[in-house]
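Here are some exercises to work through with the model on your screen. Try each task yourself before you read the solution.

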Amino acid sequence: MSILLTRYEVTKDSGFVAATDFNRRSRLQHVDRVYKAELTNVIQLTSMEKLFHIRIVDNVERERFTFLPGQFVMLEVPGYGEVPISISGSPTNKGYLELCIRKAGTVTSVLHQARRGARVGIRGPFGTSFPLEAMKGHNILLIAGGLGLAPLRSPIFHVCENRADYKDVHILYGARDPSQLLFDYQYEQWNRIDDVELHIIVEKPDDKWTGEVGLITKLLDNIPIAPDDTFAIVCGPPVMFKFVCAQLGRMGVPMHRMFVSLERRMHCGMGKCCRCNIGSTYTCVDGPVFDFWTVMNLKEAI
Ligand SMILES: Cc1cc2nc3c(=O)[nH]c(=O)nc-3n(C[C@H](O)[C@H](O)[C@H](O)COP(=O)(O)OP(=O)(O)OC[C@H]3O[C@@H](n4cnc5c(N)ncnc54)[C@H](O)[C@@H]3O)c2cc1C
Ligand code: FES
């Protein structure tokens, strides 16, 4: 158990004084627990990415587990370590968590070898979320590059499930080539929803590709945007969201209405280890979701 938790309990149990929130991050004490979970399905999406369905074993804990689009979990592969992974599924799906994971190094490579039934640990959910409440009644641009569709898929689910709450919705997705496109089996479904327009572009087409070719910023040229009435969520590598946000800025969308997800190396996920900080800002608790104005004011954030 963490020092933070112990101090909290000692203070509470001994009845001296009410527990002092000496560190605002102590509000996160509940997320120090590890849920026992198992892989219930593993789907190969591309050569490097798999989608894992992960079910918390205990029925009550599973039912209680809630998250908001944009949040992440720490996924523990027993004996190998823990990695931060964005939750990719719908917040209304109570059966299992969906995590889309790229084979990047030690832990994720072991995970890519795991089969259905393998046991893992889940801590969380952690971090800030996309402000989908504040976006109600406005147009929304949901923009992802490459693996950025993993964190973006959760707000996409939310917006599609609550379609009447938003005005025009455009999903823009760019990948290096057609073989890198994630979740291609869902495109038709998203496109069929009223007033949801899906735009896809690849940098390097193959012989069969008939769609748009180029960088994701090219897609923005063809979309009518009412800058005062539009919010944008942009997920992907920093170089991508920097260019996309710059273009949105030129189109008149204010920086505080663009939201991005920042990734840093993380160890605890809850503001204790100082692994993820940018100055005094901890990406695990103050982020990973930030508005672009804040990002531009964080030294060396991108
Ligand atoms: C909030 C958050 C959400 C994330 N969501 C996802 C997700 O949905 N899907 C997914 O596949 N990955 C996601 N990542 C990245 C993922 O955590 C790393 O790929 C993973 O930790 C690598 O662990 P490893 O042991 O396999 O690799 P390691 O052996 O630790 O490292 C292999 C390589 O990956 C790089 N790396 C390690 N951690 C990170 C990181 N945090 N960001 C960028 N590069 C890193 C290392 O520099 C090294 O080059 C997320 C990261 C954060 C911080
Ligand atoms: S990951 Fe430990 S402080 Fe952020």
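Helices (H or I, at least four residues) and strands (E, at least two) are DSSP runs, numbered from the N terminus. This is a predicted model, in which local features need pLDDT of at least 70, side-chain atom pairs count only at pLDDT 80 or more, and totals for chains, interfaces and linings use all residues. Residues are numbered from 1 along each chain as its sequence is written, while chains are lettered from A and ligands numbered from 1 in the order in which they are written.

**Exercise 1. Reading an antiparallel sheet**

Task: In the open sheet of 6 strands, work out the strand order and say which strands stand at the edges.

Solution: 
- Step 1. Two strands pair if DSSP finds at least two bridges between them. The order is E4-E3-E6-E1-E2-E5, and the pairing is antiparallel.
- Step 2. Strand E4 (81-86) and strand E5 (97-102) are at the edges; each has a single partner strand, so one side of each lacks a neighbour in the sheet.
- Step 3. Check some pairs. Strand E2 (residues 49-56) is joined to E5 by 6 bridges, and Phe-52 stands opposite Leu-99 in E5. E3 and E4 also pair over 6 bridges, with Met-74 opposite Pro-84 in E4. On E3's pairing with strand E6 (residues 119-126) there are 4 bridges, and here Phe-72 faces Phe-126 in E6.
- Step 4. Look at the hairpin of E3 and E4: it has 3 residues between the strands, and Gly-79 takes a positive phi near 90 degrees.

**Exercise 2. An enclosed strand**

Task: How many residues of E3 are buried, and which residues lie on each of its sides?

Solution: 
- Step 1. In a regular strand the side chains alternate between the two faces of the sheet.
- Step 2. One side of E3 has Phe-72, Met-74 and Glu-76, the other Val-73, Leu-75 and Val-77, and all are buried.
- Step 3. Count them: 6 of the 6 residues of E3 are buried, so the strand is largely enclosed by the rest of the structure.

**Exercise 3. Around the ligand**

Task: Describe what surrounds ligand 1, and explain why the ligand lies between two domains.

Solution: 
- Step 1. A residue is near a molecule or strand if its C-beta atom, placed from the backbone, lies within 6 Å of it. The shell around ligand 1 holds 22 residues, and the closest are Val-83, Ser-86, Gly-105, Val-107 and Thr-108.
- Step 2. The elements that give two or more residues to this shell are E4, E5, H3 and helix H4 (149-161). E4 gives the most, with 5 residues.
- Step 3. Sort the shell: Ala, Val, Leu, Ile, Met, Phe, Trp, Tyr, Cys and Pro count as nonpolar, Asp, Glu, Lys and Arg as charged, and the others, Gly among them, as polar. That gives 13 nonpolar, 5 polar and 4 charged residues.
- Step 4. Domain bounds come from an automatic or database domain assignment. Domain 1 (33-126) and domain 2 (139-261) both give residues to the shell, so ligand 1 lies between them.

**Exercise 4. Cis peptide bonds**

Solution: 
- Step 1. Pro-125 is in strand E6. The peptide bond from Gly-124 to Pro-125 is cis, with omega near 5 degrees.
- Step 2. Pro-288 is in the loop between strand E14 (281-282) and strand E15 (289-291). The bond from Gly-287 to Pro-288 is cis, with omega near 10 degrees.

Notes. A residue is buried if 20 or more other C-beta atoms lie within 10 Å of its own, exposed if 12 or fewer, and partly exposed in between; C-beta atoms are placed from the backbone.
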